Protein chains: 2
Amino acid sequence: MYIRQDILDAVAAKKMPEDRTFGKAVLPAICVAQYKNGQWSEVELGFDRDHRLSGGSTAVQYAQSIFEGMKAYFVHQVTPQIFRPYDHAVRFRRSAERMCMPPVPREMFVYGVNLLSRLYADVIPREADGALYLRPSLYGTDYSLSIEPSESYQFTIHAAPTIPFSKDMKSVLIERRNSRSAVGGTGGVKAAGNYAAGFQSLTRARQLGCATSLWLDPLESKYIEELSLMNFFVVREGELHTPTLQNSFLPGITRQSLLTLAEDLGLRIAERRIDINELIKEIETGSVTEAFSCGTAAVVSPIRSLKEASGTEYVFSDEPGPITRTLRKQLLDIQEGRTADRFGWMQSV
Amino acid sequence: MYIRQDILDAVAAKKMPEDRTFGKAVLPAICVAQYKNGQWSEVELGFDRDHRLSGGSTAVQYAQSIFEGMKAYFVHQVTPQIFRPYDHAVRFRRSAERMCMPPVPREMFVYGVNLLSRLYADVIPREADGALYLRPSLYGTDYSLSIEPSESYQFTIHAAPTIPFSKDMKSVLIERRNSRSAVGGTGGVKAAGNYAAGFQSLTRARQLGCATSLWLDPLESKYIEELSLMNFFVVREGELHTPTLQNSFLPGITRQSLLTLAEDLGLRIAERRIDINELIKEIETGSVTEAFSCGTAAVVSPIRSLKEASGTEYVFSDEPGPITRTLRKQLLDIQEGRTADRFGWMQSV
């Protein structure tokens with residue numbers, strides 16, 4: 001494929017950004033395609049600054065906008081490899097359908113993430129826990145205040161070199177006041193509107209020294225759903241437990257990968273409804289000994305404790321537990337190319 | 001205030017757009033201000049095309065974005081007048097707070113809508129039911145994939161000359177499947193994320209020949225909340241009934257104005273929880289004889305019937321009822337300057 005010289009020059013001049021905190025150093029070149037009159041254009045490389053949209057667009061006014069989060073790894077591999085790109089493409093399509101947007105063909109989606117990862121191969125951090133974070137998005141670009149689905153759309157892929165979040169054990173606020181998603185709402189897909197809606201809770205969580213919030217079900221505020229952007233696991237008497245998927249929270253690809261890995265390791269697994277108040281009792285009696293969150297950005301991230309808004313704290317453990325550590329290591333071994341990709345999850349770009 | 005010559009030229013060249021369907025003919029000049037380093041810039045006039053934002057912004061990625069909808073009228077008035085601008089400014093501030101955004105000072109908000117209405121005075125439709133629709137918005141502009149509130153923001157005001165929706169009696173789909181807002185969610189403010197989330201239901205409604213959907217409460221799917229973008233009223237045995245405000249739907253400024261007008265007219269009023277199944281019985285027994293929706297865009301819009309997804313239809317009336325017509329006329333008489341503004345709702349620009 002032909003790549004414009006100014007893009008190649010910009011990429012060649014690009015040094016590894018110093019701030020590789022998650023999501024901060026977004027690179028200037030992107031992949032982009034336009035949807036007009038019922039047709040997709042080809043995916044091209046371009047500069048973000050040349051593909052901006054109006055504040056009066058359907059995306060900005062009504063949040064007709066979805067995204068995916070995925071990673072290209074280039075640690076022990078010979079060429080960069082992307083983790084489960086086709087599974088992300090399938091979920092992206094489901095999100096588009098829920099938000100009344102045209103599907104992005106799976107091949108186009110995967111072509112785009114491959115192209116951008118190849119272009120930026122030299123700025124993918126090659127250290128353990130480093131990756132190129134990829135952010136495919138789709139949003140309505142009609143300049144219209146009419147409250148209905150857009151007729152024109154833009155598909156973009158942004159990328160940012162990233163090293164993971166802090167590995168410190170974190171505390172999590174039990175969000176008993178607000179719900180993340182309505183029944184039949186958009187919680188089960190990666191719609192833009194799900195995220196800023198959680199900023200108020202995130203702010204409260206941080207004020208209480210917590211990293212994020214734990215969301216409960218929308219009807220009874222009783223059953224655990226997920227953390228903002230991450231799924232939730234606990235270890236109870238040696239068994240790995242995670243909430244049964246509901247339409248109100250996201251079916252994580254990392255979540256599903258960890259269940260596959262755990263099964264392969266011979267761990268006992270339970271997908272079940274987890275009652276927050278029962279869980280608290282089990283933490284106090286010592287039958288639940290580990291908890292962690294998982295997602296594309298954080299991979300596997302151990303949780304030290306849950307906190308109530310009142311300050312009351314329930315501590316799982318002061319150090320990452322053995323099952324948390326094993327699952328994290330096993331997954332990163334595959335992602336970073338230290339071990340055989342026995343599930344066929346990695347795709348060379 | 002100094003106005004750039006190219007903006008004056010563009011405005012002078014602007015003819016009344018032919019398509020004045022609601023929200024379609026958005027004008028090219030806007031008001032705009034930037035928030036950076038904790039400070040607001042001055043409000044300026046500019047072209048929309050010069051103030052575009054990245055698809056990688058907090059607005060597009062996470063829907064950290066709010067808006068207001070309001071109107072400038074220029075029918076019988078000597079100069080354009082805006083309906084309740086300070087009340088819109090107050091609600092805008094509440095929306096910003098919920099979405100963790102900096103407040104736009106009330107004076108700045110009102111200055112902006114006045115400025116744009118004066119600039120575009122010549123394209124405000126001067127016929128009955130015509131107005132300049134004004135759309136103040138505030139959204140996060142950080143180019144960052146970090147999932148937290150933006151540090152930079154843009155405040156814009158777009159405008160579109162508009163004639164109202166069709167005056168045909170409309171049918172409304174009872175949305176029994178999806179909820180519009182979670183408990184403690186963002187339904188009570190004008191957050192962008194509330195709107196595209198309803199497009200799926202809107203599509204289903206249109207397939208059934210309905211204009212929009214009627215949303216029920218998020219916990220029991222039993223109590224009426226609102227239509228997409230409009231509040232809901234019925235007339236029962238001569239009394240005007242509307243759902244009690246809940247945090248899960250929008251406290252409409254038109255809703256509040258109609259309650260004030262109705263009280264002034266000596267009508268009996270009840271704000272109460274309205275059970276959808278009881279309402280259906282009351283339609284069938286003939287005790288409920290009128291229904292209408294209200295909002296800035298549609299003002300007062302009579303509802304012919306409610307429909308179930310199965311196709312079953314409950315008809316209020318085939319013609320707009322007397323209370324619907326009276327309230328509509330009384331409100332438009334004030335807005336269009338045919339009668340004294342006895343509540344102090346109109347502000348000259």
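At what angle do helix 3 and helix 4 of chain A pack, and how far apart are their axes? To find out in this predicted model, select residues 85-98 of chain A for helix 3 and residues 106-119 of chain A for helix 4. The two pack at an angle of about 125°, and their axes are 9 Å apart. Helix 3 of chain A is therefore oblique to helix 4 of chain A. Their crossing is right-handed.

Next, show the side chains where these helices meet. On helix 3 of chain A, select A:P85, A:Y86, A:H88, A:A89, A:V90, A:F92 and A:R93. Their partners on helix 4 of chain A are A:R106, A:E107, A:F109 and A:V110. Coloured by class, this contact between helix 3 and helix 4 of chain A shows seven nonpolar, one polar and three charged residues.

Now bring chain B into view and select its boundary with chain A. Here 58 residues of chain B are in contact with 58 residues of chain A. The size of an interface is often given as the accessible area lost when the parts come together. Between chain B and chain A, about 5000 Å² is buried, and carbon and sulfur atoms give 60% of that area. Then pick out B:Y143, B:L145 and B:F199, which supply 14% of the area that chain B buries against chain A, more than any other three residues.

Last, turn to the charged pairs across the boundary. How many salt bridges link chain B and chain A? The count is four. For a salt bridge to inspect, select B:E148 and A:R206, whose closest N and O atoms are 2.9 Å apart.

Key. Residues numbered from 1 in each chain as written. Chains lettered and ligands numbered in written order. Predicted model: local features only at pLDDT ≥ 70, side-chain atom pairs only at ≥ 80, totals over all residues. Heavy atoms only, no water. Axes fitted to C-alpha atoms, helices over the stretch in contact; angles between N-to-C directions. Helix = DSSP H or I, 4+ residues; strand = E, 2+ residues; numbered from the N terminus. Parallel < 35°, antiparallel > 145°, perpendicular 65-115°, else oblique. Left-handed = near helix turned anticlockwise from the far one by under 90°. Contact = heavy atoms within 4.5 Å. Nonpolar A, V, L, I, M, F, W, Y, C, P; charged D, E, K, R; others polar. Buried area = accessible area lost by both parts, 1.4 Å probe. Salt bridge = Lys/Arg side-chain N within 4 Å of Asp/Glu carboxyl O.
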